[in-house]
Amino acid sequence: MYKNIICAIEASDEGKIVLEKAHTLAKLCGAKLYVINVIPYTILPKDYQKTLQEEALPAVNEIATAFEIPPKKIFVKVGKPYEQVCTLAEKKEADLIVIGTHSKKGIQALIGSTANGVVNYAKCDVSLVKI
């Protein structure tokens, strides 16, 4: 079924919930699982972006290694979240992206979300985990 799965998470308890579902699916399919966390600050100086990445990496690593995901399959990027997730998916030839969604309504839904961006721009299947 699926061979390469990208799981986009936040370094939070919600991220653990999303990754748990992606991990279960990856095991069932015998798929490779990659984890990405994106820091949405593109207008900051490059050195500060690097600092933010370095600060986020331990928390993301802690969540991912709890699911036996090796460090070489864990990515922390800076940029537009949906673009970074979709770019990694293309690079790793992913056939599925798993991402959490808060199911926002009203004006918040009109502004857009990472999940909405991924659904619209991904070239592979997308599974939304309601959190």
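In the contact of α3 with α5 (heavy atoms within 4.5 Å), Pro 81, Tyr 82, Val 85 and Cys 86 of α3 meet Thr 114, Gly 117, Val 118 and Tyr 121 of α5. These residues divide into 6 nonpolar, 2 polar and no charged, where Ala, Val, Leu, Ile, Met, Phe, Trp, Tyr, Cys and Pro count as nonpolar, Asp, Glu, Lys and Arg as charged, and the others, Gly among them, as polar. The model is predicted, with local features needing pLDDT of at least 70 and side-chain atom pairs counting only at pLDDT 80 or more, while totals for chains, interfaces and linings use all residues. Residues are numbered from 1 along each chain as its sequence is written, and side-chain values use heavy atoms, leaving out hydrogens and water.

The axes of α3 (residues 81–91) and α5 come within 8 Å and cross at roughly 40°, the axes being lines fitted to C-alpha atoms, for helices over the stretch in contact, with angles from 0 to 180 degrees between N-to-C directions. That makes α3 oblique to α5, since angles under 35 degrees count as roughly parallel, over 145 as roughly antiparallel, 65 to 115 as roughly perpendicular and the rest as oblique. Helices (H or I, at least four residues) and strands (E, at least two) are DSSP runs, numbered from the N terminus.

The open sheet has 5 strands in the order β3-β2-β1-β4-β5, with parallel pairing; two strands pair if DSSP finds at least two bridges between them. Its edge strands, β3 (74–78) and β5 (125–130), each pair on one side only. Between β1 (residues 4–8) and β2 (residues 32–39) there are 5 bridges, and Cys 7 has Val 35 in β2 as its bridge partner. Two helices lie across strands of the model, as tabulated here.

| Helix | Lies across | Angle |
|---|---|---|
| α2 (residues 46–65) | β2 and β3 | about 150° to β3 |
| α5 (residues 114–121) | β4 (96–101) and β5 | about 155° to β4 |

The whole structure holds 3 salt bridges, each a side-chain nitrogen of Lys or Arg within 4 Å of a carboxyl oxygen of Asp or Glu. Asp 13 and Lys 16 form a salt bridge at 3.5 Å, N to O; being 3 residues apart in α1 (residues 13–29), they are separated by about one helical turn.
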